[in-house]
Amino acid sequence: MQHIKTVLPPSLDPFQFAYRPNRSTDDAISTALHSALTHLDKKDSYVGMLFIDFSSAFNTIIPQQLTQKLVQLGLNTSLCNWLLDFLTGRP
């Protein structure tokens, strides 16, 4: 995990809170709340929010697609092949 984190590009979405140093779900909630309340300070405005539970998201990963995306991000092909091998056939 440490190696993967070091080779990811710094261009990741600034609102990516998971698996980033010094970021947490509390930060994500605070950022969303701050953005919503700031917007609501404007007259005749409203905020729509969608909350999605990804707690089982890793159960639906397609290893081949994941490794293709990691290659596109610039991860070493050997590392991507190792991840593909590791994830293939696992529940």
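By relative accessibility, is D44 buried or exposed?

Modeller: D44 counts as exposed, at 73% relative accessibility, where exposed means over 50% relative accessible area, buried under 20% and partly exposed in between, with a 1.4 Å probe and protein chains only. This is a predicted model, in which local features need pLDDT of at least 70 and side-chain atom pairs count only at pLDDT 80 or more, while totals for chains, interfaces and linings use all residues. Residues are numbered from 1 along each chain as its sequence is written, and side-chain values use heavy atoms, with hydrogens and water left out.

D44 lies in the loop between helix 2 and helix 3, helices being DSSP runs of H or I with at least four residues, numbered from the N terminus. The phi angle of D44 is near 55°, which is a positive value in a residue other than glycine.

The loop that holds D44 also contains M49, and it runs between helix 2 (25–40) and helix 3 (63–73). M49 is partly exposed, with a relative accessible area of 44%, and together with L33, L37, L40, V47 and F51 it forms a nonpolar patch on the surface, with about 600 Å² of accessible area in total. Such a patch is made of residues with over 30% relative accessible area and no salt bridge, nonpolar side chains (Val, Leu, Ile, Met, Phe, Trp, Tyr) being joined within 5 Å and like charges within 9 Å; a salt bridge is a side-chain nitrogen of Lys or Arg within 4 Å of a carboxyl oxygen of Asp or Glu. The areas come from the Shrake-Rupley method with a 1.4 Å probe, and for residues only the protein chains shown count as cover.

Leaving out residues up to four places away in sequence, F17 touches R23, S24, D27, A28 and T31, contact meaning heavy atoms within 4.5 Å.

As a general matter, nonpolar side chains tend to be buried together in soluble globular proteins. Here, the largest nonpolar core has five residues, namely L70, L75, L79, C80 and L83, and helix 4 gives the most to this core, with three residues. A core of this kind is a set of buried Ala, Val, Leu, Ile, Met, Phe, Trp, Tyr and Cys residues joined through side-chain atoms within 4.5 Å. Apart from neighbours within four places in sequence, L75 is in contact with I4, V7, L8, L70 and C80. T67, placed in helix 3, is buried at 8% relative accessible area and, with the neighbours within four places again set aside, is in contact with C80, L83 and L84.

Finally, the structure holds one aromatic pair. The ring centres of W82 and F86 are 5.5 Å apart and the planes stand at 15°, so the pair is stacked; rings of Phe, Tyr and Trp (its six-membered ring) pair if their centres lie within 6.5 Å, planes under 30 degrees apart counting as stacked, over 60 as edge-to-face and the rest as tilted. W82 and F86 are four residues apart in helix 4 (residues 77–87), and are therefore separated by about one helical turn, while F86 is partly exposed at 38% relative accessible area.

Notes: Helix = DSSP H or I, 4+ residues; strand = E, 2+ residues; numbered from the N terminus.
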